[in-house]
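Dear colleague,

Please find below the structure that I am handing over to you.

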Amino acid sequence: MFRFAGAAAAVLLLLAGPAVAEPVVPTSRAEIDLSFAPLVRSAAPAVVNIYARHMVVERQNPLFDDPFFRRFFGNDLPGGRPRQRVENSLGSGVLVAADGLVVTNHHVIKDADQITVVLADRTEYEAELVLSDERTDLAFLRLKDLGGRSLPSLPLGDSDALEVGDLVLAIGNPFGVGQTVTMGIVSAIARTAVGISDYDFFIQTDAAVNPGNSGGALIDMKGRLVGINTAIYSRTGGSLGIGFAIPANMLRSMMRAAETGQKMVRPWLGADGQAIDRSLAEAYGLDRPAGVLVNGIAAGGPAARAGLKVGDVVAAVDGHAVDDPESLRFRLATLDLGATATLTVRRGKDTAELALPVEAPPEDPPRDERVLGGRSPLAGATVINVSPAVVEEMRLGNAGKGVVVTAIAARSPAARLGLQPGDVLLRLDGEAVESTEALDSALRGSRGPWRIAVQRGGQVLETVVGR
């Protein structure tokens, strides 16, 4: 099972003495005795501890969830009055700018009402949340009231320059015992199918990280930040020598958005694809099961304009190999809007390079948010039109057209029907649902029974509701 590491992990490798152009293996006892201390002294001050507090309101007595008891007893039932409880979480973070910008994991500060950051010198600062993204499990904080103080920070390195076998150091606060440093090596640089976040692409290391290390720094041999430790593989909660870090190249675009205050927008490919197994590799004449087989193209999208076609196999983005859909999504997410990326594509026996414009997903058609009313079974549902931007924002997968539910009013007909946010309304009474306006009009003109088709995840559910 996977457990979030919750610490500041830093991957550092530095041999004392003059800098060398390439990593080398120690060849003598004297070289083996060299210390990491100079590099730790340089990097450790930029690694911070994060304390997040979240106020939870709860009732002690579950009977107060029953309307019958609330009606007759009000708040007088023992244990019925709301009680506040404070939940605390501990993690680590990394200063990435001298003005107090800190990167950590989303799960460290999720739902926090108050965030305190403690520097290595024990100075404490309150922090405000600048940007948080559950899909990448990254968040950026800004320290308050620095009084003009310039803080130590780590520069971003190129995580793609890491190689399996590189030495790394992990700096963090496991179990809340204080800052620690552990050493290991990089054991994988493009680990996918881990199931930790939506953008499943991690650096794997055997540097010992434990609960409390989430949000820590992974640093290369020159002291540059190349990853943020996020989770560990563990059956007991302790380190078993397999830790996962988010590559620093994923941080870059988010960091720019955090510094400028802009909304985080990811590039849109405008195509769907699937992983290639052994049988598909044989059918398409590939040397091994790798790449992404394109099985859908959005008309007028970036992929279509670049010349990508159904049946193509995307093998690389800007020279970086793509082994599966997770790899492709990661590579696209690291691109800057407005740039042009090079897709290496296998088409039959030929290999082609296509120029892909890096664009934001369009909001076409406009959302046109509506709260459905009347006597229909959908009353109480808030809906918007599906567009590429909405598909990306709400993680709707291959949803093309239709209307998606964004909220459900409590105790409404839509709630009793079992609708959920994220459900895509496909058909009403056998007719395709084209827009929120058309759906609202159709519901007002119908007296039932209603035949409703909904797409939830990868399944289409149909039901008939009588008057």
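**Aromatic pairs**

The structure holds two aromatic pairs; rings of Phe, Tyr and Trp (its six-membered ring) pair if their centres lie within 6.5 Å, and planes under 30 degrees apart count as stacked, over 60 as edge-to-face and the rest as tilted. Phe201 and Phe330 form a stacked pair, with 4.0 Å from centre to centre and 5 degrees between the planes. This pair joins distant parts of the chain, 129 residues apart: Phe201 is in the loop between β9 (180-191) and β10 (202-205), and Phe330 is in helix α8. Helices (H or I, at least four residues) and strands (E, at least two) are DSSP runs, numbered from the N terminus.

Phe201 counts as buried because its relative accessibility is 4%, and Phe330 counts as buried because its value is 1%. Buried means under 20% relative accessible area, exposed over 50%, and partly exposed in between (1.4 Å probe, protein chains only).

Phe202 and Phe244 form an edge-to-face pair, with 6.1 Å from centre to centre and 70 degrees between the planes. Phe202 lies in strand β10 and Phe244 in strand β13, 42 residues apart. Phe202, at 1% relative accessibility, counts as buried, and Phe244 is buried with a relative accessible area of 4%.

**The model and its confidence**

This is a predicted model, in which local features need pLDDT of at least 70 and side-chain atom pairs count only at pLDDT 80 or more, while totals for chains, interfaces and linings use all residues. Residues are numbered from 1 along each chain as its sequence is written, and side-chain values use heavy atoms, with hydrogens and water left out.

The average pLDDT (the predictor's confidence in each residue, from 0 to 100) is 83 for the chain, and 82% of the residues score at least 70. Over residues 6-20 the pLDDT is below 50. Where pLDDT is low, the predicted coordinates should not be read in detail.

**Helix α8 and the cores**

Helix α8 (residues 325-333) has among its buried residues Leu328, Phe330 and Leu332. The buried residues of α8 pack against several elements, including α5 (251-260), β13 (243-247) and β19 (350-357).

The largest nonpolar core has 51 residues, and Ile50, Phe140 and Leu143 have the most contacts inside it. Such a core is a set of buried Ala, Val, Leu, Ile, Met, Phe, Trp, Tyr and Cys residues joined through side-chain atoms within 4.5 Å. Apart from it lies another core of 18 residues, among them Val292 and Leu308.

Yours sincerely

Conventions
Contact means heavy atoms within 4.5 Å.
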